[in-house]
Amino acid sequence: MESLLQLTQSTLQTHSQFLLLTITTTIFITTLFNLLKSHSWCTCSVCRAYVSRSWTSTYPNLCDWYTHLLRLSPTHTVDIHVIGSTVTANPSNVEHLLHTRFDNYPKGKPFSSILGDLLGRGIFNVDGDAWRFQRKMASLELGSVSVRSYAFRIMTSEISSRLVPLLDSFTVSGRVFDLQDVFRRFAFDNICKISFGLDPGCLELSLPISDFASAFDLASGLSAGRAVTTSPFVWKLKRFLGLGSERDLARAIRLVDELAREVIKQKRKLRGMGSEDQDLLSRFMGSTDDDDYLRDIVISFLLAGRDTVASALVSYFFLLSTHPEVEAAVRDEIINNDDDRHDHGGLEGLRGMHYVHASMYESLRLYPPVQFDSKFALDDDVLPDGTAIGKGTRVTYHPYAMGRMESIWGADCLEFRPDRWMKEGLFTPVSPFKYPVFQAGARVCLGKELALMEMKSVIVSIVRRFQFEAVSGDRELKFAPGLTASVSGGLPVRVRRRRSGS
């Protein structure tokens with residue numbers, strides 16, 4: 001009887017191995033067929049450079065290579081055949097995508113598939129009715145005066161009680177530290193307080209490690225890596241077999257899921273104890289009990305509120321450290337408007353700082369936190385510059401490249417010059433289709449004003465007290481793969497406290 005049982009187990013194991021081999025072979029053949037069908041054998045110079053990564057010998061970042069290609073194109077539009085994508089830096093095309101033919105260019109199922117494991121059904125990963133519902137909910141909350149006042153109180157408290165003391169401790173020790181890490185911690189604490197009513201304390205003087213933040217970083221970076229593969233079948237095959245980066249991504253997302261659900265659990269417990277319900281998650285919980293949906297809301301808030309703000313602050317202070325004349329002008333405006341209100345509720349005072357605002361917009365022009373964004377065509381179309389778009393084509397507009405186009409910004413487009421935004425002493429914006437840093441049209445960023453308020457609060461508090469020195473000596477930033485722009489290896493700096501009147 002025992003030998004019969006062993007024989008049965010052996011037979012089942014053999015059948016399982018054969019079945020796995022059959023499935024793997026089928027997927028491999030399907031992958032190969034789809035690669036051929038998608039014209040991934042293209043041997044044009046651009047596709048060869050993309051596949052071989054030969055561009056890395058000349059350009060530090062993929063976005064810089066794209067910028068080079070788009071500058072060379074008479075229409076500022078190029079096709080990357082090997083990934084079935086059309087990339088544009090033409091403002092007329094951007095308006096066409098985001099406004100004129102908005103309904104023809106949704107995020108699309110391919111995009112949702114790439115980020116679905118991480119973002120689920122969150123606002124950044126859905127179209128149609130699901131997107132409209134979440135956007136309406138978020139718009140009502142983020143646009144309210146009470147939410148902005150609540151957020152501003154949290155931001156100023158985090159700056160005065162944690163960020164400033166931490167930077168002071170670095171001035172005493174004289175140690176080199178990673179400014180990107182500090183701003184990520186600051187933004188993580190802020191978004192958790194504003195969105196969830198919980199305080200992770202990442203910016204305490206001991207700089208504790210957050211499992212949630214670490215897992216989220218890994219998951220977002222590996223998810224972004226899916227988008228640059230020559231075919232989605234590559235990462236889908238790795239996910240099916242549990243190999244390499246897909247194995248690591250699955251582990252990271254499991255931890256993100258656990259921690260997100262713990263946030264929801266803790267929030268329910270606090271609400272049951274009668275705590276204040278001013279945070280955004282509590283407001284969403286008032287309309288649904290679906291934990292899967294709430295999990296996706298938590299992840300969406302983290303992506304929108306932490307990574308983008310931290311990225312924007314890092315590039316801003318990097319540029320300020322290499323442009324002392326701009327730093328002096330920013331500080332002059334801060335001091336001239338300074339009556340100690342800005343650290344303690346001076347929202348109106350912040351609005352009056354036009355040059356500071358211009359310097360933020362100029363920094364975001366050169367280093368947008370989201371360097372490109374893609375849509376997928378529902379039907380055949382023709383862009384305003386004459387580019388034919390086939391059904392199912394991925395169409396990408398490129399804010400990073402657009403900020404470096406002479407045809408848009410003039411011969412000094414590569415210079416950090418906030419004055420280009422000033423007219424008769426006042427900040428003067430341009431068309432969002434020329435400057436789609438916050439997207440434009442129906443999908444314009446709902447958190448734009450909160451993000452700018454957070455940036456400006458940090459800038460005003462830091463610039464009047466401290467001065468950073470980037471220790472690497474680099475004049476350009478090198479970025480790591482991710483959903484938002486993050487500096488590879490961080491931004492090592494020293495900080496010193498300014499003398500009064502200096």
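Author: A crossing is left-handed if the near helix is turned anticlockwise from the far one by less than a right angle, and right-handed if clockwise; α9 passes α11 in a left-handed crossing. The model is predicted, with local features needing pLDDT of at least 70 and side-chain atom pairs pLDDT 80 or more, while totals for chains, interfaces and linings use all residues. Residues are numbered from 1 along each chain as its sequence is written, and side-chain values use heavy atoms, without hydrogens and water.

Reader: Why are α9 and α11 called oblique to each other?

Author: The axes (lines fitted to C-alpha atoms over the stretch in contact, with angles from 0 to 180 degrees between N-to-C directions) of α9 (residues 211-226) and α11 (residues 244-272) cross at roughly 135° and come within 8 Å. Angles under 35 degrees count as roughly parallel, over 145 as roughly antiparallel, 65 to 115 as roughly perpendicular and the rest as oblique, and α9 and α11 are therefore oblique.

Reader: What makes α16 roughly perpendicular to α19?

Author: Helix α16 (residues 354-366) packs against α19 at about 110°, with the axes 11 Å apart, which makes the two roughly perpendicular. The crossing of α16 and α19 is right-handed.

Reader: Which residues of α16 meet α19?

Author: In contact (heavy atoms within 4.5 Å), Val-356, His-357, Met-360, Tyr-361 and Leu-364 of α16 meet residues of α19 including Leu-452 and Met-455.

Reader: Why does Cys-445 count as partly exposed?

Author: Buried means under 20% relative accessible area and exposed over 50%, with partly exposed in between (1.4 Å probe, protein chains only), so Cys-445, at 35%, counts as partly exposed. Cys-445 lies in the loop between β9 (426-427) and α19 (448-463).

Conventions: Helix = DSSP H or I, 4+ residues; strand = E, 2+ residues; numbered from the N terminus.
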